Amino acid sequence: YLCADPVGTASIAQVHKAKLNGRDVVIKVQHIDIAQNAEQDIHLLTKVVEKVKNSKTFGHKFNLSWMVKEIEMLLKDELDFTKEASNATEAKHNHGHLYWLVIPRVYHEYTTKRILIMDYEAGSQIDDPEFYTKNDVDPRVIINRISHLFNEMIFLKGFLHSDPHAGNLRIRKCGPIGPVQIILLDHGQYKRFSSVFQHNYNNFVNAIMTGNATNILKYSKFLDIRDENPEYEKHLA
């Protein structure tokens, strides 16, 4: 059966709780007009960016065409729930060794471009102070675990959840002594790094952390990070 009232609503879809073969699941249903609205928004944003770029006031330094292309690509992916299902499954496989991480199981056989079905995973808001007090959970442990997860995504797996706001994170304590689990939701936006980019980025961050000025300059060039100040290289020399 399907609960008629949504348990959550966002800009792209709404979520209903349901039963599937006796299991608690949620059904994510895309809003009927969101794809058309998104296309119109991208068209409008493109025109605005072009006007800003060609204006005498702002000029070429405010050429944000790259940003519009990035948003358009992200929207295209996020509006296809089969891609979200694939992202969730890959992330679940990548980080399955983290006993405290929960990524809901996706039912691929029932998932379409506009409908996504996954296990219902109950939890509290991760920014709910009452949860930590009531369950005697140290928030620093949760912060460290989230940091560990996203560092693993960036530096090891090269497959990054790109929308990790508080609404996409839940927390729960299983039993009186734990474990404390973090539930990661909404896998519509991911960024996959090429091996070349990941190599350069990892070395760039390492150079910053170790204060290696030579490698900061070296890998910033590989990453196309530029500074218009001609004194930049002298300061790093």
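Let's start at one contact. Ile154, Phe155, Leu156 and Lys157 in helix 5 meet Gln198, Tyr201, Asn202 and Val205 in helix 6. Contact here means heavy atoms within 4.5 Å. By class, this contact has five nonpolar, two polar and one charged residues. Ala, Val, Leu, Ile, Met, Phe, Trp, Tyr, Cys and Pro count as nonpolar, Asp, Glu, Lys and Arg as charged, and the others, Gly among them, as polar.

Some ground rules. This is a predicted model, where local features need pLDDT of at least 70, side-chain atom pairs count only at pLDDT 80 or more, and totals for chains, interfaces and linings use all residues. Residues are numbered from 1 along each chain as its sequence is written, and side-chain values use heavy atoms, with hydrogens and water left out.

Now the overall picture. The chain has eight helices and 10 strands. Helices (H or I, at least four residues) and strands (E, at least two) are DSSP runs, numbered from the N terminus. The C-alpha trace spans about 65 × 45 × 35 Å along its principal axes. Of the 237 residues, 34% are buried. Buried means under 20% relative accessible area, exposed means over 50%, and partly exposed is in between, with a 1.4 Å probe and protein chains only. Take the contacts with a separation of 6 or more: residues 24 or more positions apart account for 56% of them.

Back to the helix pairs. Helix 5 and helix 6 pack at an angle of about 120 degrees, with axes 9 Å apart. Axes are lines fitted to C-alpha atoms, for helices over the stretch in contact, and angles run from 0 to 180 degrees between N-to-C directions. Helix 5 and helix 6 are therefore oblique to each other. The cut-offs: under 35 degrees is roughly parallel, over 145 roughly antiparallel, 65 to 115 roughly perpendicular, and the rest oblique.

Helix 6 has another partner. Helix 6 (residues 195-210) packs on helix 7 (residues 213-222) at about 150 degrees, with axes 9 Å apart. These two are therefore roughly antiparallel. The crossing is left-handed. That term applies if the near helix is turned anticlockwise from the far one by less than a right angle; clockwise would be right-handed. Who meets whom? His199, Asn200, Asn203, Phe204, Ala207 and Ile208 in helix 6 meet Asn215, Ile216, Tyr219, Ser220 and Phe222 in helix 7. That contact has six nonpolar, five polar and no charged residues.

Next, the other end of the numbering. Helix 1 and helix 2 pack at about 170 degrees, again with axes 9 Å apart. They are therefore roughly antiparallel. Helix 1 brings Ala38, Ile42, Leu45, Thr46, Val49, Glu50 and Lys53, and helix 2 brings Ser65, Val68, Ile71, Glu72 and Leu75. By class, that gives seven nonpolar, two polar and three charged residues. Asn63 is in the loop between these two helices. At 32% relative accessibility, Asn63 counts as partly exposed.

On to the core. In soluble globular proteins, nonpolar side chains tend to be buried together. A nonpolar core is a set of buried Ala, Val, Leu, Ile, Met, Phe, Trp, Tyr and Cys residues joined through side-chain atoms within 4.5 Å. Which members of the largest core touch the most others? Ile142, Leu149 and Leu184 do, out of 35 residues. Elements giving two or more residues to this core include helix 1, helix 3 (81-94), strand 5 (115-119) and strand 9 (180-184). Helix 5 gives the most, with five. Apart from this core lies another, of six residues, among them Val25, Ile27, Tyr107 and Ile117.

Look at Leu184 itself. Beyond its neighbours within four places in sequence, its contacts include Leu101, Ile103, Leu149, Phe150, Met153 and Tyr190.

Strand 3 covers residues 23-30. Outside four places in sequence, Gln30 is in contact with Ile12, Ala13, Ala35, Leu79, Phe81, Lys113 and Arg114.

Last, two loop residues. Asp136 has a positive phi of about 55 degrees, although it is not a glycine. Asp136 sits in the loop between helix 4 (129-135) and helix 5 (139-157). Asp136 is exposed, at 68%. Asp224 has a positive phi of about 60 degrees, and it is not a glycine either. Asp224 lies in the loop between helix 7 and helix 8 (232-236). Asp224 is partly exposed, at 48%.
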